[in-house]
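Notebook open, structure loaded. I want to look up charge pairs first, then a sheet, then a surface patch.

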Amino acid sequence: MPDLLIELFSEEIPARMQARAADDLKKRVTDGMVEAGLTYASAAGLATPRRLTLTVEGLTAESPTLSEERKGPRVDAPEKAIEGFLRGAGLTKDDLEIRDEKKGEVYFAKITKPGRPAAEIIAEVLEDTIRNFPWPKSMRWGAGSLRWVRPLHSILCILTDDVGEAQVVPLDVNGIASGGTTRGHRFMAPDAFSVTSFEDYTAKLKRAHVVLDPEERARAIWQDATNQAFAAGLEVVEDPGLLREVAGLVEWPVVLMGAIDAEFLDLPPEVLQTSMKEHQKFFSVKNPKTSRIERFITVANRETADNGATILAGNQKVLSARLSDAKFFWENDLRVAKEGMAPWLESLQSVTFHNKLGSQAERIERIAMLARNMANVTGADADLAEQAARVAKADLSSEMVYEFPELQGLMGRYYSDAAGLPTEVAAACEEHYSPLGPSDDVPTAPVSVTVALADKLDTLTGFWAIDEKPTGSKDPFALRRAALGVIRLVLENDLRLSLMTSIQSALGVVLKLAEWRAAAAKETGDRAKQLAHQAEVAEGVVAAVAPDLLAFFHDRLKVFLRDEGIRHDVIDACITMEGNDDLALLVKRARALQAVLSTEDGGNLVQGFKRADNLLSQAEEKDGVEYSFGADPKFAEDATEKALFAALDAADAKIAKASKEEDFTTAMAAMADLRGPIDAFFEAVQINSDNEILRRNRLNMLHKIREICLQAADLRKLEG
């Protein structure tokens, strides 16, 4: 069984596109071969800056011969119908067979598709793949019509048989003919050489200063970088994303470590790291004793006679120019910060947050009001919370954040420290954006939590008020992420707050409800009526929007708790209970219900409850009355019936007490204890007795089962 090797050799492919391109090449070629009848044992796609490579092992030498029988029209069918059938089958009338069917004589065609050599199939599939390759961006060059990410120079395509003989698969794409040769490193081994197999290819590439496997390049870079840093008593700052990118920029990685000029060492380490990463693709090297960034790692694409000295000198020169800009921004920003950041806050008045939600300055006012209102819930100092909210976004106007937007918040902390603001305020400036994702750390300091909640609630209520909600997969304002942030802030800090009240308060601030009311109270006549009407409209929006936004939070909570193993119907069973806008209480109840459902008693109790609920509902519908007048033990005939009365009384008291104390584990356990008495009751007693007194009493008992169980959760919402 032959092995296939394909290489598409071009000018440099952007690093961000290489991994996806290697996967696309593998998928499109292997899918095309399989569709044509070829099978294979394994396949792998690889990429370097100048080549996409596919290796396929254990390929069948040819596709199998296929036979197909096709039923056609009746013999007496119109001639045009018969001609159409013949065209589709690729046969003549003499090739058809006539068979007797129930409805008369019918034509049958036997079509045989002979197998095809693998080389012929591969040539077709590869040409189609090249011509229709899904690059995010592509270009044309010269006079040809072919589009590729960068000019394509050569196509290597060979089949190697079991004895090692290589055969070039012939194809031509826009004048680029396939062959059995490739080239090595652009500068260190530019000459062409032939290959006979994938093993021969990788070995000769390495001798020609090309490491084919991107994972191998990344490992080599990291190992050499950490060794050089360790030798100097330093350590490299880990950055997996940068490592992947740099591995995609070089074919022969040469790691070099350089020094940062002393005048830049006092810049914040995050500024140094961001500047070097974004502009130069350098790794930061820090002193583990001081956490100060002191050196950098760069990766060259070639070896030089002076061991990289010239490369390092050039990089250091460019880096000094970049860091001079950063130092200039930093010093200018510090001067503004030490004066209280007033110019930055003033400039935010002309920065639009959203055309329907006003400027950033107006948004800051709203967040400050919310932060003060929520401080009593989070345990924060109200004055500090408001102060932090007013300066948290000031750094958006700074020169440093304008140059490096990813440093927003972090620079706010530095500038708050420089302004002499309390440490709680400085921490809130950095942390109020968090959490940004499911794995991001959640703030725990009360002031930080308060401002983070106010920030996210203002965003959510604002966009809900103007009806800009997420739809399907579209969420341009990251509202799902904001809702998840609120959920994590509440749960991981064990905050007890009414989310509905918080939403209504935030909506009132967004809609300026208090302002309309106050203005209406001061005015008279038509003006007062107009302002009162505006306040009434705002109240209507609050009343309509708040429940919808709370439902959105509940939906996001289901997604968040899914990883914890809590079923969505368990959340639904708890949402109907009182206090469903208290997320901490809701989750506490859901976890207890999930735990009891995982036990045998809990699962069986649900079935018993549903049976009781169904019987009761059917009887009430049939009789047109509600059986809720209280069951009387004196009418109990069977021992199981009397035992159930006693069990229900005991459970009722226990569940009510535990629920009041928010001890849902005890409440759910007491509910699960009813499983045995309920099962025994249904086994021994006929509910719809001929004795009408016994029937009513037993139906009233079913109502009592329903009433007691629904104290813990709405078991009717559970599936199954």
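Predicted model: local features only at pLDDT ≥ 70, side-chain atom pairs only at ≥ 80, totals over all residues.

I started with the salt-bridge network and found Arg363, Arg366, Lys393, Asp455 and Asp458 linked in it. My salt-bridge rule is a side-chain nitrogen of Lys or Arg within 4 Å of a carboxyl oxygen of Asp or Glu. By this rule I get a count of 47 salt bridges.

Residues are numbered from 1 along each chain as its sequence is written, and side-chain values use heavy atoms, with hydrogens and water left out.

Next I looked up single pairs. Arginine 390 bridges to glutamate 365, with the closest N and O atoms 2.6 Å apart. This pair links distant parts of the chain, 25 residues apart: arginine 390 sits in helix H11 (residues 382-391) and glutamate 365 in helix H10 (residues 360-378). For helices (H or I, at least four residues) and strands (E, at least two) I take DSSP runs, numbered from the N terminus. Arginine 390 has 27% relative accessibility, so I log it as partly exposed; glutamate 365, at 38%, is partly exposed too. My cut-offs: buried is under 20% relative accessible area, exposed is over 50%, partly exposed is in between (1.4 Å probe, protein chains only).

Glutamate 620 and arginine 706 also form a salt bridge, their closest N and O atoms being 4.0 Å apart. Here the partners are 86 residues apart, in helix H22 (residues 600-623) and helix H26 (residues 692-709) respectively. Buried or exposed, glutamate 620 and arginine 706? Both are buried.

Then the sheet. Four strands make an open, antiparallel sheet in the order E13-E15-E16-E14. Strands E13 (235-236) and E14 (254-259) are at the edges with a single partner strand each, so one side of each has no neighbour in the sheet. I count two strands as paired if DSSP finds at least two bridges between them. E15 (residues 283-287) and E16 (residues 292-300) pair over five bridges, and phenylalanine 283 stands opposite isoleucine 297 in E16.

Last, the surface. Asp3, Glu57, Asp161, Asp162, Glu165 and Glu199 gather in a negative patch. Patch rule: residues with over 30% relative accessible area and no salt bridge, like charges joined within 9 Å, nonpolar side chains (Val, Leu, Ile, Met, Phe, Trp, Tyr) within 5 Å. I placed aspartate 161 in the loop between strand E7 (152-160) and strand E8 (166-168).

Methods:
Areas by Shrake-Rupley, 256 points an atom, 1.4 Å probe, with all protein chains shown as cover. Lys, Arg positive; Asp, Glu negative; His and termini not counted. Charge placed at Lys NZ, Arg CZ, Asp CG, Glu CD.
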